[in-house]
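Biologist: Could you take me through how helix packing and a nonpolar core are read from a set of coordinates? I would like the general idea first and then the case at hand.

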Amino acid sequence: MSLSVAADHPHIFRAFAASWEIARARWRVSQPLARERRAPSLTDAELVAQHLAGDPRAFAELVKRYTNAVYNVTYRFTQNTAEAENLTQETFLRAWHALPRLDAARPLKPYLLKIAVNLCRDWAEQTHVQMVGLDADDESLVADDAQDPLQNLSDQELRERVRAKLELLPPLYRTVITLRYSEDMTYEEMATTLDLPLNTVRTQLHRAKARLRELLEQDE
Amino acid sequence: MKYHNRSVEQRVEDALRDMPRVAPAADLSARIIARLPHHATHAHRRTLGAVTLLAALLGLALAYQTAFDLHANGALDLLSYYATQPAIVMTYPYEAFAALAQAIPWLTVLLTGSVLCLALVLVYRLTADARFEFLHRA
């Protein structure tokens, strides 16, 4: 009887199977002893080596280690929770398949974020989101000696305004700012992640900050 | 190009640095892990495949040995006899089952069952990849 129900309604079987796997994964994630023993002591390279040697918990550890960073980048890019979760998930699935070809000497985080950024670019193409808006006119930001209107803002006000205005930046600018400041990456790591020359990364970050500054000054 | 006010630029940079990460849902990692294909590397799969094959072959050999022992001990004849003469089982059930129990090679049966179960578990693990891809597509 149960077999015929499963045959007639495969979606029920799939739902049960998926729920079971999620419950198992949650249980694995909640293993404090295992987490304590593995996470702080093993480097990314060691976890990758263990994963390649067939230990399924090693990649789970990497997922736990980098979910926040990957989600931070994908969310800042898409500004959509569901899309960011999908892209984060897809990033790890691609990494799973690509890890056997990865050079063990390369740091993992820029590599994962590179996959995430590439997926974000694909998403932007599919949804016709413009990666970069009109470039900020550098001349408009050339110094004058007048009193800066932002000077009068308190640190807290400035921080809140920066957060609000960041969302108005084009996706690529939000991404370079996120990588640099939120993920604390070097220019070299950013270049790897964005697949851009080092100087282009510097230019993009400079333009992103200029555009942000422009937006901040618009309200004054 | 330099901003016209260095201190404001510095404050904007500090504000960007202080900006917290956007936190994902608490169970996102668990959901991602659940959707990973649970196979490991090719080397691992090869080892798993070889062990599965060995377990299956050993299980078959033990099953053959069990059948042989059942036949040699007269258990099969006894079963056949009980099937044709059910009145004996009805009249002397304890004696009938005791005779059957004596004719069964329990150790071999237990060993065979264990090895076949192990082979089944290994097959389940070996096919996990295909099952996860099926679920992922769904």
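Biologist: Is the crossing of α5(A) and α7(A) left-handed or right-handed?

Modeller: A crossing counts as left-handed if the near helix is turned anticlockwise from the far one by less than a right angle, and as right-handed if clockwise; in this predicted model, the crossing of α5(A) and α7(A) is right-handed. Helices (H or I, at least four residues) and strands (E, at least two) are DSSP runs, numbered from the N terminus. Residues are numbered from 1 along each chain as its sequence is written, while chains are lettered from A and ligands numbered from 1 in the order in which they are written. Because the model is predicted, local features need pLDDT of at least 70 and side-chain atom pairs count only at pLDDT 80 or more, whereas totals for chains, interfaces and linings use all residues.

Biologist: At what angle do α5(A) and α7(A) pack, and which residues make the contact?

Modeller: Axes are lines fitted to C-alpha atoms, for helices over the stretch in contact, and angles run from 0 to 180 degrees between N-to-C directions. Here α5(A), residues 56-78, and α7(A), residues 108-126, pack at an angle of about 25°, with their axes 10 Å apart. The two helices are therefore roughly parallel to each other, a label for angles under 35 degrees. Among the residues making the contact are A:Tyr66, A:Val70, A:Val73 and A:Phe77 of α5(A), and A:Leu113, A:Ala116 and A:Trp123 of α7(A), where contact requires C-beta atoms, placed from the backbone, within 7 Å.

Biologist: Which residues does A:Val73 touch beyond its sequence neighbours?

Modeller: Leaving aside residues up to four places away in sequence, A:Val73 touches A:Leu113, A:Ala116, A:Val117, A:Thr175, A:Thr178 and A:Leu179.

Biologist: Which residues of the largest nonpolar core touch the most other members?

Modeller: A nonpolar core is a set of buried Ala, Val, Leu, Ile, Met, Phe, Trp, Tyr and Cys residues joined through C-beta atoms within 7 Å, and a residue is buried if 20 or more other C-beta atoms lie within 10 Å of its own. The largest core has 52 residues, of which A:Val63, A:Val70, A:Val73, A:Leu113, A:Ala116 and A:Val176 touch the most other members. Helix α5 of chain A gives the most to this core, with 12 residues. Domain 1 (16-126) and domain 2 (138-218) of chain A both contribute, so the core lies between them; the domain bounds come from an automatic or database assignment.

Biologist: How many helices and strands does each chain have?

Modeller: Chain A comes to 11 helices and 0 strands, with buried residues making up 33% of its 220 residues. Chain B comes to 8 helices and 0 strands, and buried residues make up 17% of its 138 residues.

Conventions: A residue is buried if 20 or more other C-beta atoms lie within 10 Å of its own, exposed if 12 or fewer, and partly exposed in between; C-beta atoms are placed from the backbone. Two residues are in contact if their C-beta atoms, placed from the backbone, lie within 7 Å. Angles under 35 degrees count as roughly parallel, over 145 as roughly antiparallel, 65 to 115 as roughly perpendicular and the rest as oblique.
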